[in-house]
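This report covers a set of computed geometric features.

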Amino acid sequence: MSVAEARDNRARKGAGQRALEAVGAENLSLLIALALLVALIASQSDAFFSSRNMLNIAQNMAVTGLVAVGMTMVIVSAGLDISAGAIAGVAGVVCALLVTQAGTLVGGVAGGLAMGALLGLVNASIINYLRVNPVVATLATLSAFRGVAFLIAPEGKPVGVLDPTFALLGSGRLFQFGGFPGLPIAFLIMAVAAVVGHFIMSQTVFGRSIYSMGGNPAAARLAGIDLNRMRLAIYTIAGALSGLAGVILVARTSSGQPQAGTGLELEAITSVFLGGALLAGGKGTVAGTMLAVLLLAVLSNGMNLLGIQTFYQLVAKGLLLVVAVAIGQWRMVRAERRQARLTAAGQG
Amino acid sequence: MTASILDVAHVGKSFPGVRALADVSLTVAPGEVVALVGENGAGKSTLLKILSGDYRLDEGTVSLGGAEVSHASPLEARRAGFRLVRQEPEIVPDISAAENVFVGEYPRRSLGRVDHGAMREAMAAQLRRYGFKGLVDPDQAGRSLSPAQTHIVEIVSALKPGVKVVAFDEPTSSLTSDEVERLFQLIRQLKAEGLGIIYVSHRLKEVLAISDRVVVLKDGRVTGNLVTARTSEDEIVRYMVGRELVHDFRREETTRPEVVLEVSHLSSRWHRDVSFSIRAGEILGFGGLVGAGRTELAKVLFGEYPRAGGTVRLLGRERDIRSPSDAIAADIGFAPENRKAEGLILVRSVIENASMAVYRRLSRWGVLSDRRMVEKVAPVIRALDVKTPSMEQEVGKLSGGNQQKVVLSRWLAAGPRLLILDEPTRAVDVGAKAEIYRLIDRLARDGMAIMLISSEMPELLALSDRIVVMSGGRLSPVIEKKDATEEIVVSYALGKGMAA
């Protein structure tokens with residue numbers, strides 16, 4: 001089939017098919033899973049649809065969501081950032097110290113962000129210039145950064161932040177009117193990050209280049225993409241978003257805790273893979289990731305509502321990561337087989 | 001004819017986007033040499049990989065010495081007696097030649113210890129038996145083996161006890177004529193020992209010299225099964241292409257006075273004192289053997305590999321190119337030899353792959369416009385007649401020729417002044433090949449300077465306005481088109497007449 005014919009074909013597609021394309025086939029299965037999950041939890045617990053619970057879910061997904069936006073960029077570029085949770089921890093302590101010692105709220109937020117960005121830059125530098133594989137590099141910094149968080153916290157203890165204005169960042173709401181409970185500020189921040197992230201990934205030279213370098217670094221370099229510079233930018237952005245997540249954690253818990261953000265990377269990485277990214281890089285979308293973040297938030301909320309122990313939840317989260325990656329691999333194999341069958345039938 | 005030792009019946013195999021084999025049947029009798037010929041992509045390699053157990057067949061059966069081995073694993077295929085002598089053997093660099101011969105089948109002593117002595121002896125005996133005595137030392141490290149020695153190791157490792165059928169995949173592609181003669185002697189010896197031989201080659205003269213029968217594959221089907229003694233090169237070619245071959249692509253010279261690229265005394269890890277220039281509208285052909293340093297030269301010019309000395313001028317201006325992005329900024333394009341490894345992002349779409357190098361030009365403030373991408377790049381893809389269901393199709397699902405056209409469309413969209421083409425028709429079928437020739441011709445006509453690296457002699461001779469030959473990192477004197485013959489290029493490639 002020639003390109004011209006193909007274009008005609010596309011124009012002839014029905015509205016339903018086009019709607020499906022807009023959502024994406026992978027995302028469709030996520031939506032179905034989400035609907036099933038919601039139905040299951042709602043049938044078991046009356047509390048699920050209460051506005052308090054909804055707010056709870058929105059607030060919980062904000063922190064994971066911020067980290068997951070950056071993680072999407074990292075994984076699409078064929079990298080990984082295991083240190084994300086530890087970066088959130090360091091950034092949180094820095095933020096809490098700035099707010100309490102220097103008395104500056106804006107400085108606290110900016111400081112947390114900047115610290116996150118700096119640590120991201122450290123990650124990229126290790127990968128670029130010491131040629132350490134991303135998994136090993138960020139596994140190392142996961143330990144190192146966590147240590148730093150404890151070292152900069154006075155006596156390694158949490159730094160209490162009792163500023164009511166600052167606390168709004170964690171639990172405040174906007175757009176409250178009538179019966180509508182409003183939206184948590186933290187959720188709105190995440191939503192803005194997600195929209196901007198999606199725009200960057202799909203519409204900018206930088207974003208498209210991330211897909212190229214993830215799909216085939218050698219070819220991307222020969223097409224003029226500077227891989228080292230890309231990595232510096234990607235890990236710095238991811239670090240800044242982890243830092244922001246750390247700041248929000250401080251606002252929510254009213255303290256900068258050195259161990260804050262533990263396990264955040266696992267949730268973010270799971271979301272990215274569940275959202276359709278490939279382990280090998282080159283594929284994945286922020287939209288898919290955010291759907292998966294929502295799914296995870298609902299799942300973990302549901303397990304809490306149904307009184308499932310935290311330890312079981314940890315096991316479940318681990319399993320989910322394996323399932324998410326396995327689905328991606330299975331999909332790839334299946335697509336190849338289908339293509340081969342079509343070819344054999346003479347339609348290829 | 002005696003009963004066949006290998007019997008392939010109605011075998012079919014498909015891959016995403018390609019029907020690789022359909023209803024392929026062939027037999028090999030003991031002591032018979034069956035040549036398997038066909039254009040690139042005709043299905044020869046796929047068939048060999050099915051026989052060696054690397055691929056699973058979709059349909060049909062394979063029997064070896066009377067036992068069915070249709071779904072054998074690589075190990076089972078070996079045990080049943082099928083051995084493949086690969087074109088580019090994979091040698092483990094850190095173990096000895098003897099160990100390479102016995103990889104996966106090490107002779108053992110008690111407690112599972114490897115019997116190094118037995119291995120060395122066995123290899124030495126094999127070398128003596130097949131006339132390779134003194135050419136390879138069993139203790140030599142894998143990394144120190146020359147291409148010819150590597151080939152010997154591969155042959156010796158194929159000829160283990162129990163072997164019934166040996167397949168040679170393009171065995172002569174990196175051999176000198178003396179080495180080819182020695183290989184033929186070996187094949188005659190194996191024939192006499194009653195082995196079945198499959199001989200895969202592009203070189204029809206060799207096929208006619210060594211085989212008893214010629215099986216021709218085209219587009220995954222058997223189109224001819226000819227007795228060698230009663231056929232000719234022309235007849236085989238007719239079966240291969242299914243139509244009269246487009247002989248001798250001729251092009252008018254379109255060289256303009258303006259010098260686009262001027263390289264003076266360039267040196268690098270691979271090169272010494274390389275100087276040449278290419279004018280606008282000129283195609284400068286680079287001949288030479290595999291490993292002579294041509295691909296490396298392309299990569300040095302493109303900023304992928306470091307340049308140690310010398311100057312590079314583009315349009316009269318000296319340029320210090322240190323990275324591919326510098327090269328692109330200097331209006332150079334480069335279509336690498338290995339398009340899957342270095343050219344394409346297989347999991348991304350046709351349009352993305354074609355736009356990659358011009359993202360910046362298609363954007364404002366770093367924001368890409370989809371509309372401009374479709375406006376600027378889609379016409380290029382269409383002009384090259386890329387066969388794809390849509391612009392969003394993943395490139396990995398296209399055929400080899402169409403993939404190559406996507407790589408070319410990337411550089412057409414970029415519109416460089418100098419285009420470096422490294423083996424532009426490698427693994428491309430005949431039809432697409434002719435199209436690519438016409439395209440290269442048109443680009444030169446439009447004033448692009450083209451550096452054409454090609455190991456295919458007819459291609460090099462037909463397309464180039466002038467030819468230089470690289471050998472051991474040095475460049476031969478320029479051969480003008482009127483003087484260019486296969487013999488001259490080959491003699492320079494073998495290092496004759498080169499400045500010391």
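Axes are lines fitted to C-alpha atoms, for helices over the stretch in contact, and angles run from 0 to 180 degrees between N-to-C directions. The model is predicted, and local features need pLDDT of at least 70, side-chain atom pairs count only at pLDDT 80 or more, while totals for chains, interfaces and linings use all residues. Residues are numbered from 1 along each chain as its sequence is written, with chains lettered from A and ligands numbered from 1 in the order in which they are written.

The axes of helix 5 of chain A and helix 12 of chain A cross at roughly 55° and come within 7 Å. Helices (H or I, at least four residues) and strands (E, at least two) are DSSP runs, numbered from the N terminus. The two helices are therefore oblique to each other; angles under 35 degrees count as roughly parallel, over 145 as roughly antiparallel, 65 to 115 as roughly perpendicular and the rest as oblique. The crossing of helix 5 of chain A and helix 12 of chain A is right-handed. A crossing is right-handed if the near helix is turned clockwise from the far one by less than a right angle, and left-handed if anticlockwise.

On the side of helix 5 of chain A, the residues that meet helix 12 of chain A include Ala84(A), Ala88(A), Gly92(A) and Ala96(A). Their partners in helix 12 of chain A include Ala238(A), Ser242(A), Gly246(A) and Val250(A). Two residues are in contact if their C-beta atoms, placed from the backbone, lie within 7 Å. The contact of helix 5 of chain A with helix 12 of chain A has 11 nonpolar, six polar and no charged residues. Here Ala, Val, Leu, Ile, Met, Phe, Trp, Tyr, Cys and Pro count as nonpolar, Asp, Glu, Lys and Arg as charged, and the others, Gly among them, as polar.

## Helix 5 and helix 6 of chain A

Helix 5 (residues 84–102) of chain A packs with helix 6 (residues 105–129) of chain A at an angle of about 150°, and their axes are 8 Å apart. That makes helix 5 of chain A roughly antiparallel to helix 6 of chain A. Helix 5 of chain A passes helix 6 of chain A in a right-handed crossing.

Among the residues of this contact are Ile87(A), Val94(A), Leu98(A) and Ala102(A) of helix 5 of chain A, and Leu105(A), Gly112(A), Met115(A) and Leu119(A) of helix 6 of chain A. By class, the contact of helix 5 of chain A with helix 6 of chain A divides into 12 nonpolar, seven polar and no charged residues.

Val106(A) is placed in helix 6 of chain A. Val106(A) counts as exposed, with 9 C-beta neighbours inside 10 Å. A residue is buried if 20 or more other C-beta atoms lie within 10 Å of its own, exposed if 12 or fewer, and partly exposed in between, with C-beta atoms placed from the backbone. Val106(A) and Cys95(A) are 11 residues apart in sequence, and their C-alpha atoms are 9.5 Å apart.

## Positive phi in chain A

Ala78(A) is not a glycine, yet has a positive phi of about 70°. Ala78(A) is in the loop between helix 4 (51–76) and helix 5 of chain A, and counts as partly exposed with 19 C-beta neighbours inside 10 Å.

Ser254(A), also a residue other than glycine, has a positive phi near 60°. Ser254(A) is in the loop between helix 12 (227–253) and strand 4 (255–256) of chain A. With 17 other C-beta atoms within 10 Å, Ser254(A) is partly exposed.

## Chain A overall

Chain A has 15 helices and four strands. Of its 348 residues, 47% count as buried. Among contacts in chain A between residues at least 6 apart in sequence, 77% join residues at least 24 apart.

Chain B is divided into domain 1 (6–91 + 145–241) and domain 2 (259–493), with bounds from an automatic or database domain assignment. The C-alpha centres of domain 1 of chain B and domain 2 of chain B lie 33 Å apart.

Ala330(B) is in the loop between helix 10 (324–329) and strand 16 (332–335) of chain B. Ala330(B) counts as buried, with 21 C-beta neighbours inside 10 Å. Leaving aside neighbours within four places in sequence, Ala330(B) is in contact with Leu314(B), Arg319(B) and Ile321(B).

The contact takes 31 residues from chain A and 40 residues from chain B. The largest share of the side of chain A that touches chain B, seven residues, comes from helix 10 of chain A. By class, that side of chain A has 14 nonpolar, 11 polar and six charged residues.
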